[in-house]
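Q: Here is a chain to look over. Please go through the labels it has been given and set each one against its definition.

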Amino acid sequence: MAYFDTIHLEKGMYSNGKSLTEVLEGLDPSENYKGTDLEGLDAFQRQLKRFDIRVGGAYSDCVQKFFDTSDSAALFPEYVSRAVRQGLENNDYLKDIVAAKTVIDGMDYRTVVSSPSDDDKSLKPVAEGAVLPQTNIKTGENLVKLMKRGRMLVASYEAIRFQRLDLFTVTLRQIGAHIAREQLKDAVNVIISGDGNNNAASVVALDTANTLTYSDLIDLWANLAPYQMNTMLAPTDMMQKLLSLSEMKDAQAGLTFQGTGRMITPLGAKLLHIPSMVSGKIIGMDKNCALEMVQSGGVILDADKLIDRQLERASVSCIAGFAKIFTGASKVLA
């Protein structure tokens, strides 16, 4: 068993498809520290403690603290990756609209497709000895389109060596936030236009063009059946119209919005504001069966450059795409 203060850290730990934290956990499992002062820290956090690197708080260390030794320098890419992931998670609307997340090692992926007819969904009684009706599941005709989203870190080591890690973390989190917003835009485009397998969302027309009424929301809810409309996505202009409806001004909706900032609709669906969405549309969907997220690995970065202090052209990126699961589980009101 390896202990955290005797592990030799090196660049090669980033080359096996796992994060540094996963590699360290294999060498130094956290379960070995139950009942000790180090309980509650993961393997990476124990390495930060080993080299006395404080990444947060008013007395956080400077960036140069990572480069005091060759071993501690190997921790820097993982620190960058974790900070970017925090930004992704803190700005992640995808968890509210994605039914399943699939992580793959390559760049080619075909999702499964099932398009049951109304007759298939009815599950009529079957006579004794008769054949049960079939639900056909097959792979999609086209590959899921994966998009690479990221940023290039353009800063010399000399420029940031004395920068406090607490503030540098904020900058890295913003990179994660930008990636999260772009991935959300990709997801919404797939919901509306489909993933290339002839599965664009059907449109429910407004009773009156450019005018939103409560009756329109009822039509959207009714057309989504037998799926549940538990999530609604709207751009800024439609959010303003939604919040102006008299039905949105009842006591319960008002208290929820004013007390928590969380918006609900009279139909009980969670309402998400998506500024990047095309204006004039509202998406109603069943988040439990409408969309699949496909991700190729996690946060990808130039570990060698970061360890060698070559920050001038070090990239940070994520590769992800989206696929429709059940076409009828999302509708567009427009």
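A: Start with helix α8. Its residues D216, L217, L220 and L224 are buried, that is, under 20% relative accessible area, where over 50% is exposed and in between is partly exposed (1.4 Å probe, protein chains only). Helices (H or I, at least four residues) and strands (E, at least two) are DSSP runs, numbered from the N terminus.

Q: What makes the buried residues of α8 line one face of the helix?
A: Their arc. Seen down the axis of α8, they fall within 100°, so they line one face. The arc is that of the directions from the helix axis to the C-beta atoms.

Q: Which elements do the buried residues of α8 pack against?
A: They pack against β5 (202-204), β6, α9 (236-244), β8 and β12. A contact here means heavy atoms within 4.5 Å.

Q: What kind of model is this, and what limits apply to its features?
A: The model is predicted: local features need pLDDT of at least 70, side-chain atom pairs count only at pLDDT 80 or more, and totals for chains, interfaces and linings use all residues. Residues are numbered from 1 along each chain as its sequence is written, and side-chain values use heavy atoms, with hydrogens and water left out.

Q: How confident is the predictor, and where is the mean pLDDT lowest and highest?
A: pLDDT is the predictor's confidence in each residue, from 0 to 100. The chain has a mean of 86, and 89% of its residues reach 70 or more. Among its elements, helix α10 (residues 251-260) has the lowest mean, 56. Strand β8 (residues 282-285) has the highest, 96.

Q: What does the chain as a whole contain?
A: It has 11 helices and 12 strands. Buried residues make up 43% of the 334 residues. Among contacts between residues at least 6 apart in sequence, 78% join residues at least 24 apart. The chain exposes about 17,500 Å², and carbon and sulfur atoms supply 50% of that area. Accessible areas come from the Shrake-Rupley method with a 1.4 Å probe; for residues, only the protein chains shown count as cover.

Q: Why is the contact between R54 and D52 called a salt bridge?
A: A salt bridge is a side-chain nitrogen of Lys or Arg within 4 Å of a carboxyl oxygen of Asp or Glu. The closest N and O atoms of R54 and D52 are 3.6 Å apart, so the pair qualifies. Side chains of opposite charge can pair when their charged atoms come close.

Q: Are R54 and D52 buried, exposed or partly exposed?
A: R54 has 39% relative accessibility, so R54 counts as partly exposed. D52 is partly exposed too, at 43%.

Q: What network do these residues belong to?
A: D52, R54, D61 and K65 are linked in a network of salt bridges. D61 pairs with K65, the closest N and O atoms being 3.7 Å apart. D61 has 9% relative accessibility, so D61 counts as buried.

Q: Which parts of the chain does the salt bridge of E182 and R149 tie together?
A: The two side chains meet at 3.7 Å, N to O. E182 lies in helix α7 (residues 165-193) and R149 in strand β4 (residues 146-153), so the pair ties together parts 33 residues apart in sequence. E182 is partly exposed, at 26%. The whole structure holds 11 salt bridges.

Q: Why is the pair of Y227 and F326 called tilted?
A: Rings of Phe, Tyr and Trp (its six-membered ring) pair if their centres lie within 6.5 Å; planes under 30 degrees apart count as stacked, over 60 as edge-to-face and the rest as tilted. The structure holds 9 aromatic pairs. For Y227 and F326 the centres are 6.3 Å apart and the planes are at 40°, so this pair is tilted. Y227 lies in the loop between α8 (214-224) and β6 (231-234), F326 in the loop between β11 (314-324) and β12 (330-333), 99 residues apart. Y227 is buried, at 16%, while F326 is partly exposed, at 24%.

Q: Which residues form one aromatic cluster?
A: F66, F67, F76, Y79, Y157 and F168 do.

Q: What is the phi of N210, and is N210 buried or exposed?
A: N210 has a positive phi of about 65° although it is not a glycine. N210 lies in the loop between β5 and α8. Its relative accessibility is 67%, so N210 counts as exposed.
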